[in-house]
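Subject: Structure for you to look at

Hello,

Here is the structure I said I would pass on. My notes on it follow below.

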Amino acid sequence: GREAMARTSVTVSRFQSEVADAVKQLGYECEEEAKDPVSGYSIDLLIKPEEIDSVDPAHPRGVALEVDGPHHFLKNSKEPVGGTILKRRLLRQLGYDTVSVP
């Protein structure tokens with residue numbers, strides 16, 4: 001479960017680094033590959049609540065930006081694969097506002 005996920009090594013893509021740079025240029029600090037303490041999921045880019053002017057009460061844990069490359073989608077489609085759908089749903093239930101950057 002969570003322990004195995006915590007031990008998984010993460011590779012950051014060049015595109016993810018570019019998105020992080022763009023977020024920072026917009027004036028937001030973001031944590032790359034932030035670990036959710038409940039699920040063990042790695043969040044590509046996390047903008048913490050203190051960085052956001054008006055935090056939505058439904059999403060008190062901040063904005064989880066997921067940089068979703070081609071392997072997050074069905075072949076020749078814009079439909080996400082099951083694992084991506086599950087991760088997004090779980091992060092929302094845990095209090096994150098989730099945003100996919102395809």
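Which residues make up the largest nonpolar core? This is a predicted model, and in it that core consists of 9 residues: V19, A20, V23, C30, L45, I47, V63, L65 and V67. Beyond its neighbours within four places in sequence, A20 has contacts with C30, E32 and L45.

On α2: the helix has 12 residues and spans 17 Å from first C-alpha to last, close to the 16 Å expected at 1.5 Å a residue. Its buried residues are Q16, V19, A20 and V23. They lie on the same side of α2 because they cover an arc of only 100° around the axis. The cover over these buried residues includes β1 (31-35), β2, β3 and β4. R14 and Q25, both exposed, are carried on the face of α2 turned away from its buried side. After the helix comes G27, with a positive phi near 100°.

On α3 (residues 82-93): T84, K87, R88 and L91 are buried in this helix. Their arc around the axis is only 95°, so they sit on the same side of α3. The buried residues of α3 pack against β2, β3 and β4 (97-101). G95 follows α3 and has a positive phi, near 105°.

Regards

Terms used. Residues are numbered from 1 along each chain as its sequence is written. This is a predicted model: local features need pLDDT of at least 70, side-chain atom pairs count only at pLDDT 80 or more; totals for chains, interfaces and linings use all residues. Side-chain values use heavy atoms; hydrogens and water are left out. A nonpolar core is a set of buried Ala, Val, Leu, Ile, Met, Phe, Trp, Tyr and Cys residues joined through side-chain atoms within 4.5 Å. Buried means under 20% relative accessible area, exposed over 50%, partly exposed in between (1.4 Å probe, protein chains only). Contact means heavy atoms within 4.5 Å. Helices (H or I, at least four residues) and strands (E, at least two) are DSSP runs, numbered from the N terminus. The arc is that of the directions from the helix axis to the C-beta atoms. The expected span of a helix is 1.5 Å times one less than its number of residues.
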